[in-house]
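Please find below a short note for a colleague who is looking at this structure for the first time.

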Amino acid sequence: MRALDRDLIRCRRCPRLVAWREEVARTKRAAFADETYWGRPVPGFGPPDAALLIVGLAPAAHGGNRTGRMFTGDRSGDVLYQALYDIGLASQPTATAVDDGLALHGVRVTAPVHCAPPANKPTPRERDDCRPWLVQELRLLAPTLRAAVVLGAFGWQAALPAFAAAGWEVPRPRPAFGHGARTTLRGGAGALDLFGCFHVSQRNTFTGRLTPAMLREILREAATAAGLRPVAPQTQEQTQELAQELTRQTAQKGRKE
Ligand code: SF4
């Protein structure tokens, strides 16, 4: 996975996205004027032997494109990582920078388009041109991957062909996207349960179209399908204890490897 990430961050296949990600990195948002933006493709984040994959859309111009990590430094990430923390799959509820100490337990987060697009809207051509990166990531994850949550219709349309190219059988006609949609893809190294969920965009979370409870419910269902052991939302103290324990276990596992 590291070799894949090393190659990915050098990719310049999409001229429009390369120009945009670099221009944003040069001009910056006033609030981040003293920071050095990443300004390159953003790799997936999480263990390379994850059982659950979360597939978003693309990095945000001043989020992932600034910090260099998926869903890090923006409001969408605040919502996503809080939900993962609430069910015991993230070590902390916040994601602010690559060195903030956040660790995910059995979960990896990625996107079908790895560069920030203008107005958060990649073109179909850019989506298709970026697909080989997701296909390679899926192939590397295949031995352990048992469930995936796709955030939003764009990600759903982009992810299905990638799962097919990586060895899973996608039913025909293709399953439609919807919040709570669930389908099983056979083949690959094992069956995979695929879940649809509204995107954690500000538009969805500010309007209440996607509430924290709705997001937790889908993530918990998907984590259970993946063989992970999500927890019910607990008191803040209990959640912190659980996160510390999971972090200890992850560190021990890393030492053994
Ligand atoms: S969006 Fe994907 S294919 Fe296009 S330049 Fe970025 S990493 Fe490369």
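1. A crossing of two helices is called left-handed if the near helix is turned anticlockwise from the far one by less than a right angle, and right-handed if clockwise. In this predicted model, local features need pLDDT of at least 70 and side-chain atom pairs count only at pLDDT 80 or more, while totals for chains, interfaces and linings use all residues. Residues are numbered from 1 along each chain as its sequence is written.

2. Helix α5 (residues 124-141) passes helix α6 in a right-handed crossing. The axes of α5 and α6 (residues 153-165) come within 9 Å and cross at roughly 50°, and the two helices are therefore oblique to each other.

3. On the α5 side of this contact are Arg127, Arg131, Leu134, Val135 and Leu138, which meet Ala158, Pro161, Ala162, Phe163 and Ala165 in α6. By class, the contact has eight nonpolar, no polar and two charged residues.

4. Strand β6 (residues 192-197) is largely enclosed by the rest of the structure, because five of its six residues are buried (a residue is buried if 20 or more other C-beta atoms, placed from the backbone, lie within 10 Å of its own).

5. Strand β3 (residues 147-151) runs parallel to β6 and is joined to it by five bridges, with valine 149 standing opposite phenylalanine 195 of β6. Strand β5 (residues 182-187) pairs with β6 in the antiparallel sense over four bridges, and here arginine 182 has phenylalanine 195 as its bridge partner.

6. β5 and β6 form a hairpin with four residues between them, and glycine 188 in the turn has a positive phi of about 60°.

Technical notes: Buried ≥ 20, exposed ≤ 12 C-beta atoms within 10 Å, placed from the backbone. Pairing = 2+ DSSP bridges. Axes fitted to C-alpha atoms, helices over the stretch in contact; angles between N-to-C directions. Parallel < 35°, antiparallel > 145°, perpendicular 65-115°, else oblique. Contact = placed C-beta atoms within 7 Å. Nonpolar A, V, L, I, M, F, W, Y, C, P; charged D, E, K, R; others polar.
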